[in-house]
Amino acid sequence: LERLINEEAPEIKMIGKAVNAQNALEIIMDKSPDIIFLDIQMPGNDGFWLADKLGKMKIETSIIFVTAYDEYAIEAIKHAAFDFLTKPVIPEELQSTVKRFLASNNNHNLGSKLKNLETFLKQNRVKFNHQNGFIYINVTDIVYCRADGNYCEIVLADGKTELLTMQLGSVEKKLGKNIFLRINRSTLINIDYLDSFDTKTKTVLLSDVIQQHEFKASLSGAKKLRKL
């Protein structure tokens, strides 16, 4: 991105770069940039965390989010009227984005944009107890939850897993029963990812964009599945 900016957007003078959100916050406070190219996924706190910090500190700047294709994140960014670039960054898109920024006369409106972003991010997110404190998860990203003693493993559509310091029953109460179904004693599935159910073998197959997941339903779980 640094190389592309130097080559394709020479009207922008780079005054700093950071390897994580905390480092970025320190540089922003010190140098007061007009524009920030902000990645969403970073080591430690993510880009949304940094944006929220800037809003609370009333730091006026313009943010252009940079992200690998993530439908949920991009939808949030669009909803809040932020500009964004998807990875890998295409030179023409960078040029167009910079032109829009310059044409806007640096009209930040960061506060109102962040309020819109916060509203969107919270509408489908649930707070869970996590081994490092707590975590917010978008429920539509959850493929299934599996009991692990006094813990619960959540598997997400992007292949990531989160280990919660909660029992499956507590997680089930938080998620509700609209799209989640308990198919056996230790497994709670998101029926939006349900690919098939074999009534003879009681085999449940879930599919996400990365892989398939196979489970066996209990007698009570099979009854619930037949009612879908």
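Reader: What are the ground rules for the values here?
Author: The model is predicted: local features need pLDDT of at least 70, side-chain atom pairs count only at pLDDT 80 or more, and totals for chains, interfaces and linings use all residues. Residues are numbered from 1 along each chain as its sequence is written, and side-chain values use heavy atoms, with hydrogens and water left out.

Reader: How do you know how many helices and strands the chain has?
Author: Helices are DSSP runs of H or I with at least four residues, and strands are runs of E with at least two, numbered from the N terminus. By that rule the chain has 8 helices and 13 strands.

Reader: What makes β11 and β12 a pair?
Author: Two strands pair if DSSP finds at least two bridges between them. β11 and β12 (residues 203–207) have 4 bridges, in the antiparallel sense. F197 stands opposite V204 in β12. The pair therefore meets the definition.

Reader: Which strands make up the open antiparallel sheet, and in what order?
Author: The order is β11-β12-β13. β11 (194–198) and β13 (212–216) each have a single partner strand, so one side of each lacks a neighbour in the sheet. The twist averages 15° from one strand to the next. Angles run from 0 to 180 degrees between N-to-C directions, with axes fitted to C-alpha atoms, for helices over the stretch in contact.

Reader: Which residues of β13 are called buried?
Author: Buried means under 20% relative accessible area, exposed over 50%, partly exposed in between (1.4 Å probe, protein chains only). H213 and F215 point to one face and are buried.

Reader: Where is the cis peptide bond, and what is its omega?
Author: The cis bond joins K87 and P88, with omega about -10°. P88 is in the loop between β3 (83–86) and α5 (91–103). Most peptide bonds are trans.

Reader: What is the order of the open parallel sheet?
Author: It is β1-β2-β3. β1 and β3 stand at the edges with a single partner strand each, so one side of each is left without a neighbour. The twist averages 25° from one strand to the next.

Reader: How do you know that β2 pairs with β3?
Author: Strand β2 (residues 62–67) and β3 share 4 bridges in the parallel sense. At least two are needed, so they pair. L85 in β3 is the bridge partner of V66.

Reader: At what angle does α5 run to β3?
Author: At about 170°, and α5 lies across β1, β2 and β3. Contact means heavy atoms within 4.5 Å.
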